[in-house]
There are 2 protein chains.
Amino acid sequence: MLDQTLAYAREHREPFLKDLFDLLSIPSVSAQPAHTKDVRMAALWLAEHLRNIGLKAEVKETSGHPVVYGEWLGAGPNKPTLLIYGHYDVQPAEPFELWTTDAFTPTVRDGYIFARGSCDNKGQHMAHVKAIESYLKGSGALPVNVKFLIEGEEEIGGPSLTAFIEANTELLACDGIMISDGSLLAMDQPTLTYGLRGIVRLEVTVRALDKDVHSGMYGGNVQNAAVALAQIIAKLKDEQGRVTVPGFYDEVRTVDAAELAELERVPYTAKEVLSETGAMRLFGDPDFTLPERKGSRPTLEINGMWSGYTGPGGKTIIPATAHAKITCRMVPFMTPHKIAQQVAAYIQQVAPAATEVRVELFDGTPGLLIERESPFVTAAAQAAQETYGNPPIFELEGGSIPVVGDFQKLLGKPIILLGFGLNDDNVHSPNERYALACWEKGIEASIRFLAKL
Amino acid sequence: MLDQTLAYAREHREPFLKDLFDLLSIPSVSAQPAHTKDVRMAALWLAEHLRNIGLKAEVKETSGHPVVYGEWLGAGPNKPTLLIYGHYDVQPAEPFELWTTDAFTPTVRDGYIFARGSCDNKGQHMAHVKAIESYLKGSGALPVNVKFLIEGEEEIGGPSLTAFIEANTELLACDGIMISDGSLLAMDQPTLTYGLRGIVRLEVTVRALDKDVHSGMYGGNVQNAAVALAQIIAKLKDEQGRVTVPGFYDEVRTVDAAELAELERVPYTAKEVLSETGAMRLFGDPDFTLPERKGSRPTLEINGMWSGYTGPGGKTIIPATAHAKITCRMVPFMTPHKIAQQVAAYIQQVAPAATEVRVELFDGTPGLLIERESPFVTAAAQAAQETYGNPPIFELEGGSIPVVGDFQKLLGKPIILLGFGLNDDNVHSPNERYALACWEKGIEASIRFLAKL
């Protein structure tokens, strides 16, 4: 059954890639209201595609973007059931002018598929879809029961998925949950993630005036919103990048020596960070190492800020308002709401004179750890070793997958975090890409994993 | 002659206003390349209009936007010649959504003309044009010779006008220069400006990375360009608004007690500043009074800043670059280039770790004082008193009129700065306006002034 299935996948590389391209062509940007219809179109496409390969599938409504649910339960009640999670929404593609080829016209170049969502996450959940298609079409059946839950709000913090899972724990009942939404450390070095950072988002608006005013007539006598916002932001981090919000590090978990030693094994160094980001040198808290700062320390970042005139040439105004988008990444077991409130309170405390500062808090996701000893994790580790040639390294991931916490709490089953991408895939950046080899090995890893359950 | 001319102006309010509206409808935004053709169209319209009312006029090319030159020399060589300066270019109208009616569809509401350029400066130089039309059509002649110089680059720091004046000192030869590009203190309180602040512009670019990157994967290990820029800006001014750039105040002229006493006579108080700007309270160097801070102290303002993602919702990136537009206002006799270099050097000095900071310097205009005792100023003071009901107050203006320095140096004749607008005309802001009463009294003041030369 395994050989037949693997053979089917290898023989259908061309149509499989075409299907992925169809999905990548849909600009399902969940953050932008102008793309709401495209988000729905991606859901409809996926449900139809799951039906076409032999699953029962439908688009399920939520209070926000819909969820795609699919299932094949033909292995019977004596076999385990695997729930596979993914997200079909993507990050905004701006700034468009930095893309070599159009973000939503998938293009193969130098062995990579270039498109927004190619790695994050369409190319990864579609690898599981194609693994299952290979079983059903190549061997006529799957060795286990399979459910799909593919959401459309991952990139906006998943506001309605929690309620959906809460309301559908029976539908989603399973024995283990597979999530592929991350990276290998190298083409021959798979990774199993056992910890994720959480995230919480804030938006700051500083108002100094009712309108932008002439900098000659009023300069010297009124506050400047851009300067005031800059003074606030400057107080959030020190010169070495440490967050200066009081209490920010209070809940941070201590990493013991054994765990630290394993983290240090991760062959991910300054060289990779510099070449992947173009940074001139590393920048971070000097009391911690690179892998510690990635997975076991919280962060505060300005994701965007704007104020006044930003067009060509000059405009001699004093800006009335200034805005910043902030996210904090939290390690296990920091509390998103508490952190957001601490940051908001500190911003109000340091707000410069003659300003009115508003801080909006959005829902967050806590950081978390997952169990490393389940038979599902063991099966994934073996499948990864057979596919990529080396046993996986266990890693703390810097990013967040909000749904993992919900799965832990609401479904209570083992979770497997096995990523199919690479660290330099420009996820969330222009020219996002996904190696053809990652795509093909992802399908094989999924096929092998299913055979071991 | 005077009565006949005033009567002509009063009888022709309607067609005069229509002519102004025609000019206001042309979006002659000099800073924006997309409007280059509109800028030229405004010049062509003005030259044609001057010919229609009886002047010799033409559009003269420069290395940038063209200049409109017009003359009527029929008073003969024994009469003085007045040069009238204005600018037909306007500030960008963004943010458009804050305009109640379209910026380039002039609309009368509550006794005001609303349009970009209505006050700054089309409505003011057109008042002189209509005064001259009233003489020529109402009385058949002018009491003096008149020349017009109306430029198209005032709002972008006038890069090519200096060279034009240098090359045309004979054409522009005159006995006095009238500039109306400012405000009355109130409808019954005219002002004669005897000092102007200079201005110099800089643009800062902070680069931390080659591209925006995922804040989960890299957060903690790389510098954030938005945070770095904020830290730079925060160091440019202290918490009370004083500029902290070393040497910034070194060249500032001391205002003596007599001058200070006169400045304090200006009936321009916190109340006006607060109602005109919507500021919640005054904000500025506590060692100086409001009129001192407006006219006799230099400033540094952020006119705009931007970095990262500024669209709807969130985007979990670390921004690669961040940008700020800066202008400094300088009092007499500070040196623009020196100030710009001091600011640029300080920015480099305080640049945070792991950043590459570029500071672009643009040409500036020095601050200056003008003589208060010429017969031209006396004539203007009398005309103003007769038109507005009170003798003018002498004031230091906070804004800059770059050409005044060139006129002082290259033509060497007395300058009159008599503004026709009001301080709350939203110059450089959304909903720029110009009171109908200002428009009509401006024409009358110009008619009376010409009669007194």
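# A walk through two chains

Start inside chain A, where 6 residues of domain 1 of chain A are in contact with 5 residues of domain 2 of chain A; two residues are in contact if their C-beta atoms, placed from the backbone, lie within 7 Å. On the domain 1 side that touches domain 2 of chain A, you'll find 2 nonpolar, 4 polar and no charged residues. Here, Ala, Val, Leu, Ile, Met, Phe, Trp, Tyr, Cys and Pro count as nonpolar, Asp, Glu, Lys and Arg as charged, and the others, Gly among them, as polar.

Some housekeeping: residues are numbered from 1 along each chain as its sequence is written, with chains lettered from A and ligands numbered from 1 in the order in which they are written. This is a predicted model, where local features need pLDDT of at least 70 and side-chain atom pairs count only at pLDDT 80 or more, while totals for chains, interfaces and linings use all residues. Chain A averages a pLDDT of 95, and 100% of its residues score at least 70; pLDDT is the predictor's confidence in each residue, from 0 to 100. For the complex, the predictor gives an ipTM of 0.79 and a pTM of 0.78.

**Colour the domains.** In chain A, select 2–196 + 368–452 for domain 1 and 198–252 + 298–361 for domain 2; the bounds come from an automatic or database domain assignment. Taken over C-alpha atoms, the centres of these two domains of chain A are 36 Å apart.

**Now the sheet.** Show the 6 strands of chain A in the order β1-β2-β6-β3-β7-β18, an open sheet with mixed pairing. Strands pair if DSSP finds at least two bridges between them. Helices (H or I, at least four residues) and strands (E, at least two) are DSSP runs, numbered from the N terminus. At the edges, pairing on one side only, are β1 (56–60) and β18 (415–417) of chain A. From one strand to the next, the twist averages 20°. Helix α3 (residues 36–52) of chain A packs on this sheet, touching β1, β2 (67–72) and β6 (145–151) of chain A, and its direction makes about 165° with that of β1(A). Axes are lines fitted to C-alpha atoms, for helices over the stretch in contact, and angles run from 0 to 180 degrees between N-to-C directions.

Zoom in on β3 (residues 81–87) and β7 (residues 176–179) of chain A: they run parallel, joined by 4 bridges. A:Ile84 stands opposite A:Met178 there.

**Bring in chain B.** A rotation of 180° with 0.0 Å of shift along its axis superposes chain B on chain A, RMSD 0.1 Å. The two copies are thus related as by a two-fold rotation axis.

Select the interface next: 85 residues from chain B and 84 residues from chain A. Strand β12 (residues 299–308) of chain B gives the most to the chain B side, with 9 residues. Across the boundary, β12 (residues 299–308) of chain A runs antiparallel to β12(B), with 5 bridges. Look there for A:Gly308, opposite B:Gly304.

**Last stops: the backbone.** Most residues other than glycine have a negative phi, and most peptide bonds are trans. Check these:

- A:Asp120 to A:Asn121 is a cis peptide bond, omega near 10°; A:Asn121 lies in helix α4 (residues 118–138) of chain A.
- B:Pro332 to B:Phe333 is cis, omega near 5°.
- A:Asn431 has a positive phi, near 60°, and sits in the loop between β19 (421–422) and β20 (433–435) of chain A.

Definitions and conventions: Copies are superposed by least squares on the C-alpha atoms of residues with pLDDT of at least 70 in both.
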